Amino acid sequence: MPSDPAALWVGPHPTHSSIEAARERLHLNEPLYTRFFYFVRDLARGDLGVSIRTHNPVSEDIFKAFGATFELIVFAEILAVIVGIPLGVYSAVKKDSFIDNASRVLAVAGVSLPGFWMGMILQLVFFRYLGLLPLSGRVDTLMSITNPIAEKTGFYLIDTLISGNFSAMWDVFKHMILPGLTLAAYPIGLITRQVRSMMIEVLNENYIRTASAYGIKKRKIYFGYALKNSLAPAMVTLGLSFAYTLVGAFLIELIFNWPGLGRYAANSILSMDYPAIVGVTLIVAVTYVVINFIVDLIQAKIDPRIKL
Amino acid sequence: MKRRLSWFSVLVIFAVVIMALLAPIIAPYPQQALGEPNPAERLQPPSWKHIMGTDHMGRDIFSRIIYGSRTSLIVGISVTFLAALIGLPVGIVAGYYGGFVDTILMRVTDIFLAFPPLLLALLISSTMGKGFGNAIIALVISWWPWYARLARSQAVSTKNLAFVEAARSSGVSNVMIMLRHIFPSSIPPVVVQGTMDMGTAILEAAALSFLGLGIQPPAPDWGLMVSEGKNYFLNYWWIPTFPGLFIFLLVMSFNLLGDLVRESVDPRLRRRFF
């Protein structure tokens, strides 16, 4: 299998002259520093080059794929927060109860699960044997013809909601549950553990005991005082889990045939599509940094002790 | 409950180690495990003859799983060990000397830490080419900065302690101090982290081989087996299910073990090691 970029560019029927032409076009005959200059110059203009595999501009390919992946990631993280935080709180409050032990085991399991395997198992159970949920993709092909989705934000759930396309929305949701759940397993595990250990620490503090002695209702103590103070590390964990979710999405997109960044990257890697690989890496790294930054901001907002 | 969990995890790890060491003896079909195809018995469900069924090339899955334990354990141990081997000296030197050396070394590690963990390994793997050794190298390259950081913070907090100052004023050379005083105190957190990391390392290696970037067919690796089963699993559920189950159990056991180790070394309980 050739890994000569020019040969790959030309595609299935390379002739000597077409490969030469490709070399010229891709500036492959020029020295390394010239090519690096082209790269940086194009980058400054927002041009990530042209994909060797699809012959589309890389930025265009990535933009389309990004929305799909991002929606999945956000869905998974929201799921993680909705499930993880209450579970962690309950675990801490009812320490050493059955639910506490069960959730601790579940949390470790979530962190240890191979995402690609879990996805397959879910597909087996819910598609093959129960027939409840669809196998793959974002939207049913039939549905996309009868009720096409007006793509405004790239987030299908939002788009269908805005345009009142409720049957498509239900379909999109059904398609998102399994991959979202698989992706959420890891963050749920992380967040549950974090919230639980922080809550336990905080609940032992003196000011909690004082509040309880004053007769403040238990629920207000837990959610008003304790949770707020234990949320900060949980936010950090959330931000860090984004990184893992981003990468986990790669694998899960392969299994669920999700038209996202992961599938694009995997195809690029497998076909040695260097401009695409570089573009994806850049975008992912930038996204990662931006997300961490946002998490820092949120953390500073919640905890007034932290100064920016 | 905690004791039951810890026994469970030790048991699993022990079982896997036995599997790895005694693979040729335990496996019912060792040649099949190593890749000899058996087209007559393709895609058979679990039966008395093949406890976990056969895969698309007729190979006994149970035997392949037993042999696959080797690669998983080797990866887990070597990646963690090598990453610590590289990370510890870097961290200790950076933490001890401080100043310019520290800044440079930390900037370098920051570059590596800026990447989401698996992504860096993916990148390095794809540029270096496929193969088991390359996968290990890729994982080690993406892991070592974490240990460097850990070692560095330990070094920083140890270097100002009284006994180090005493050694310095006695004229002990810097290198000697680092070796005999700083290094031993940096080991505990690295060991704790390493135990926890072994599970994750195995998981990441499985992900790499699932993507085809790690160990190559026909080698029996759990991640690879899951990937091979991907095309068949809807009708032949046993092909990816069993390997993945083993990955899950092994990783979970390492994680549980790591948690236990961490809880027993908790500084809040004031355990002293030196």
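A residue is called buried if 20 or more other C-beta atoms lie within 10 Å of its own, exposed if 12 or fewer do, and partly exposed in between, with the C-beta atoms placed from the backbone. Keep that in mind for helix α12 of chain A, where A:Leu261, A:Gly262, A:Arg263, A:Tyr264, A:Ala265, A:Ser268 and A:Ile269 are buried. Because seven of its ten residues (261-270) are buried, α12(A) is largely enclosed by the rest of the structure. After α12(A) comes A:Met272, which has a positive phi near 55°.

Some ground rules: this is a predicted model, where local features need pLDDT of at least 70 and side-chain atom pairs count only at pLDDT 80 or more, while totals for chains, interfaces and linings use all residues. Residues are numbered from 1 along each chain as its sequence is written, and chains are lettered from A and ligands numbered from 1 in the order in which they are written.

**Chain B on its own**

Chain B has eleven helices and zero strands; here helices (H or I, at least four residues) and strands (E, at least two) are DSSP runs, numbered from the N terminus. Its C-alpha atoms fill a box of roughly 75 × 45 × 30 Å along the principal axes. Out of 274 residues in chain B, 48% count as buried. Now take the contacts (C-beta atoms, placed from the backbone, within 7 Å). Among those in chain B between residues at least 6 apart in sequence, 68% join residues at least 24 apart.

**Where the chains meet**

Across the two chains, 28 residues of chain B are in contact with 25 residues of chain A. On the chain B side, α6 (117-128), α9 (174-210) and α11 (238-264) each supply at least two residues, and α11(B) gives the most, with nine. That side has 23 nonpolar, five polar and no charged residues. For these classes, Ala, Val, Leu, Ile, Met, Phe, Trp, Tyr, Cys and Pro count as nonpolar, Asp, Glu, Lys and Arg as charged, and the others, Gly among them, as polar.

A nonpolar core is a set of buried Ala, Val, Leu, Ile, Met, Phe, Trp, Tyr and Cys residues joined through C-beta atoms within 7 Å. The largest one has 143 residues, and those touching the most other members include A:Phe116 and B:Ala207. Helix α11 of chain A (218-256) supplies the largest share of this core, 17 residues. Leaving out residues up to four places away in sequence, B:Ala207 touches A:Phe116, A:Leu251, B:Leu118 and B:Gly223.

Setting aside residues up to four places away in sequence, A:His175 touches A:Pro134, A:Gly137, A:Arg138 and A:Val139, and A:Ile200 touches A:Ala92 and A:Lys95.
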